[in-house]
Amino acid sequence: MLNIPNPDEIFPNEFKTSCFIKNVITAPNIIAGDYTYYDDSVDPTGFEKNNVLFNYPEFGDRLIIGKFCSIASGTRFIMGPANHRISSVTTYPFQVFGGLWSENTPPHLSQLPHKGDTVIGNDVWIGQESVIMPGVKIGDGSIVAAYSVIVKDVPPYSVVGGNPARFIKRRFDDELIELLLKLKWWDFDGEALVKILPLLCDPDLERVKLAFRGMITE
């Protein structure tokens with residue numbers, strides 16, 4: 001049996017500051033892939049409670065996070081129910097306060113704008129204290145700088161940062177990005193992944209591209 005980290009364990013190492021979040025999630029509308037971790041020296045297992053805000057599954061939106069993502073401490077995912085009604089002259093949520101206000105206004109959740117699912121790709125690194133707004137899509141291999149606020153979609157293998165976050169650069173050239181998106185190394189089984197690890201960590205990107213070309217054409 002291969003001696004590799006177990007994706008079904010909560011804590012992958014002895015430090016217990018990082019946890020594989022798929023193993024601590026209980027909400028039916030939050031999905032996380034293998035080896036995606038949240039790092040927090042205080043309460044890493046409290047990810048769902050502390051970092052996914054305004055989550056009401058009955059609203060219908062989902063938070064989907066891919067495999068091998070690195071989520072730094074303080075990152076917050078804002079879900080759709082955090083919104084207010086914007087289709088009328090007032091945004092005030094009268095209905096939630098009860099009494100005659102509640103009786104004379106429509107149900108609160110039914111009036112909120114639906115932004116759709118929030119989807120984080122595979123191998124995404126999200127820096128400390130970043131905020132991901134409802135309905136945003138972050139592509140595979142992207143990097144979000146610390147303290148960023150993501151308000152719109154991020155293409156694969158992009159670096160973004162700021163408030164609101166802006167595109168900074170592509171991580172790689174078009175060919176390498178295309179090869180990575182075809183290869184989908186995050187879907188490899190344990191033994192195949194171990195074999196490719198030296199390539200994944202090799203700074204000689206021309207050598208990496210050459211190897212990936214051969215793997216994809218095999």
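This is a predicted model: local features need pLDDT of at least 70, side-chain atom pairs count only at pLDDT 80 or more; totals for chains, interfaces and linings use all residues.
1. Residues are numbered from 1 along each chain as its sequence is written, local features need pLDDT of at least 70, side-chain atom pairs count only at pLDDT 80 or more, and totals for chains, interfaces and linings use all residues. Side-chain values use heavy atoms, with hydrogens and water left out.

2. An open sheet is formed by 4 strands in the order 2-5-8-11 with parallel pairing, where strands are DSSP runs of E with at least two residues, numbered from the N terminus, and two strands pair if DSSP finds at least two bridges between them. Strand 2 (30-32) and strand 11 (137-138) are the edge strands, each pairing on one side only.

3. Within this sheet, strand 5 (residues 63-65) and strand 8 (residues 118-120) run parallel and are joined by 3 bridges; isoleucine 64 stands opposite valine 119 in strand 8.

4. Helix 3 (residues 174-183) has the buried residues Leu176, Ile177, Leu179, Leu180 and Leu183, where buried means under 20% relative accessible area and exposed over 50%, with partly exposed in between (1.4 Å probe, protein chains only). Seen down the axis of helix 3, these buried residues fall within an arc of 160°, so they line one face of the helix, whereas the face turned away from the buried side carries the exposed residues Asp174 and Lys182.

5. Isoleucine 4, found in the segment before strand 1 (18-20), is partly exposed, with a relative accessible area of 33%.

How values were computed: The arc is that of the directions from the helix axis to the C-beta atoms.
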